[in-house]
Amino acid sequence: MERTFQVDLRGIVDLLSHHLYSSPRVYVRELLQNAVDAVTARGLAAQADPSTVEITTDGTRLTIADPGVGLTEAQVHELLATIGRSSKRDDLGFARHEFLGQFGIGLLSAFLVADEVHVLTRAEGSQTVEWLGRSDGTYSVRAAAAERPEIGTTVTLVARPGGGQWFEAPTVVELARLYGSMLPLRVLVNGEQVTGSGLPWAAEEQHQRKADLVGYAQDALGFTPFDAVELKVPAAGLSGVAYVLPFPANPAERSGHRVYLKRMLLGESIEGLLPDWAFFARCVVDAGELRPTASREALYTDSLLDETREALGDQLRGWLVGLARTDPRRLGDFLGVHHLGVKALAQHDDDMLRLVDEWWPVETNVGRMTLAEFRTRYGVIRYTATADEFRQLAAVAAAQDIALVNGGYTYDSEIIERLPSLDPEIKVERLDPTDLATRFDPVEPSVELAMRPFLNAAQRSMDKLGCELVLRSFEPATLPALYLLDRSAAFAAELRATRDRADELWAGVLSAFDKPAEDRPQLVLNYRNPLIRRIASLESAELVGLAVEALYGQALLLGYHPIRPADAALLNRSFLGLLNQAVPGTDGNTMGGVA
């Protein structure tokens, strides 16, 4: 046996009127929207233009009257008292794309501020009908021929207790102007016109249009834009402007845009209109074909919105490419503010990759320059993947005549690695720290043989730290030692450090990945440095060990390497040990013991 659902009308009204909308203020928009649709319907049917909607309020009672198409009694039952069924609305013509919404569901927003909604309406050739809807889900309908002789509709609300602030004249004026200022008809609130501002991009003369766009951004958005990019997507009936922000924007935050649908404001912070990479722009647009959600406070995600988003992204991309061609200085100013957005786009867009390659200066150990300029001067683009690696290697690489790019900034490494996709002739090479050692000059065999006792003693000190000692001759001569750690050794060291901090279970899991590294970290001693030559001449094995340990600690610090607990203990021991050797005791000998 089939049964029908039991529906609690009071609960449905409460659900839709209190939970569908984000704020009671939308009631003005919904009432205004229904009035505009009624006026539109009558204008289409009668080839007339009844273009004035009047709102009056005294702080407790609000009335909105329109000279629109009006409703018959049958339409009142169908449109005002039926929730969730659209077929009859379609048949009656109120679902066509010319209309902002549909009668019925929007009217429920009135229950956010009132317990009763009173409607007087008259269609052409029909008598006046009075409809009274209540927040408990009940309604009544009666004929009221003498109460409205004109064609159109009047909606009256009386503020519920505690809701009078929404009926105060300044509030109603503000809300009506916010939602309806661009509507192509007159809207009066207590006789004050709140519409007529028009679309800020409507002026035909280009100079005037530019001034209007900038003025609108200053008045409505609160900033003077870096630039205003006019937008147009005919398939979505969209026109508008993208304002390029004059200040850096957070790429992690989704940008919100001011969106109008058929010149009625949908919302001031609508998401999803632009691609994520275009976080440097804020849009103001009017669209005729994009669909709103049921609450009309967001855009409905469908294929048309996806296509519109892609088209708007293409137009912003075209603006950037055009700026590079016509005004490089201004492009440089833009990149100085919004390089993150452009670099994010360059990861998957060849046009933006070319723009970044040619115009965005990167940090190198030979000064700031663009990647294209770097490539022209030095051929191969050698880079480090992290800023720490660059700090470790920049000066030493420069001394070996190796030009090096810092790829440690956001997206820089990814952009550099993508450059060969533009031209296979472009050579890109990530510099491994240990590659530098192959460019250092070896010492004379006789010198190395003479220093063998020193090197053996020093290596014994380094063995307990898992480090290999290497003697080379390199510039700058002022640098006594350099700590070099290749990528595989760095990964192994990080793995062991994590394993030591983990509990027994995870330590066992991580141990399965711990394989002996083929290459150990290297401490490269610079024979050109006078201090190294003096240390090599020391006869005390203890003093040699302390000196080499101190050089190891200094190399870690100068190279911005992480300091492990064992390294910190070594630094402390070597410092105090050398201090003990340097400061004589009262008996003329060095102080005994090292703390």
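Analyst: A helix is a DSSP run of H or I with at least four residues, a strand is a run of E with at least two, and both are numbered from the N terminus. The expected span of a helix is 1.5 Å times one less than its number of residues. The model shown is predicted: local features need pLDDT of at least 70, side-chain atom pairs count only at pLDDT 80 or more, and totals for chains, interfaces and linings use all residues. Residues are numbered from 1 along each chain as its sequence is written, and side-chain values use heavy atoms, with hydrogens and water left out.

User: What does helix α8 span between its end C-alpha atoms?

Analyst: Helix α8 (residues 328–346) spans only 18 Å, whereas a straight helix of 19 residues would span 27 Å. To examine such a case, one takes the bend at a residue, which is the angle between axes fitted to the seven residues ending there and the seven starting there. In α8 there is a kink of about 90°, centred on His-338.

User: Which residues of α8 are buried, and against what do they pack?

Analyst: Buried means under 20% relative accessible area, exposed means over 50%, and partly exposed lies in between, for a 1.4 Å probe and protein chains only. The buried residues of α8 are Leu-331, Phe-334, Leu-335, His-338, Gly-341, Val-342, Lys-343, Ala-344, Leu-345 and Ala-346. They pack against β10 (238–244), α7 (303–326), α9 (350–359) and α12 (412–418); contact here means heavy atoms within 4.5 Å.

User: How many residues has helix α11, and what is its reach?

Analyst: Helix α11 (residues 387–399) has 13 residues and reaches 19 Å from its first C-alpha to its last, close to the expected 18 Å. Asp-401, which follows α11, has a positive phi near 60°.

User: What is the strand order of the sheet that contains β16?

Analyst: Strands of a sheet pair through backbone hydrogen bonds, either parallel or antiparallel. Two strands count as paired if DSSP finds at least two bridges between them. Here an open sheet of three strands has the order β17-β16-β18, with parallel pairing. Because β17 and β18 stand at the edges with a single partner strand each, one side of each has no neighbour in the sheet. β16 and β17 are joined by two bridges, and Tyr-383 stands opposite Val-405 in β17.

User: In which sense do β4 and β5 pair?

Analyst: Strand β4 (residues 129–134) and strand β5 (residues 139–143) pair in the antiparallel sense over five bridges. Gly-133 stands opposite Tyr-139. The hairpin has four residues between the strands, and Gly-137 takes a positive phi near 95°.

User: How does one read a nonpolar core, and which residues touch the most other members of the largest one?

Analyst: A nonpolar core is a set of buried Ala, Val, Leu, Ile, Met, Phe, Trp, Tyr and Cys residues joined through side-chain atoms within 4.5 Å. In the largest core, of 60 residues, Tyr-27, Val-117, Leu-157 and Tyr-243 touch the most other members. Helix α2 (residues 26–46) gives the largest share of this core, eight residues. A second, separate core of 54 residues includes Phe-226, Leu-231, Phe-280 and Phe-374.

User: Is Asp-227 buried or exposed, and what polar contacts does its side chain make?

Analyst: Asp-227, in strand β9 (residues 227–233), counts as buried because its relative accessibility is 14%. A polar contact is a pair of N or O atoms within 3.5 Å; within protein, one must be able to donate a hydrogen and the other to accept it, and residues adjacent in sequence count only if both atoms are side-chain atoms. The side chain of Asp-227 makes such contacts with the side chains of Lys-210, at 3.2 Å, and Trp-319, at 3.1 Å.

User: How much of the whole chain is buried?

Analyst: Buried residues make up 48% of the 595 residues in the protein chain, whose secondary structure comes to 19 helices and 21 strands.
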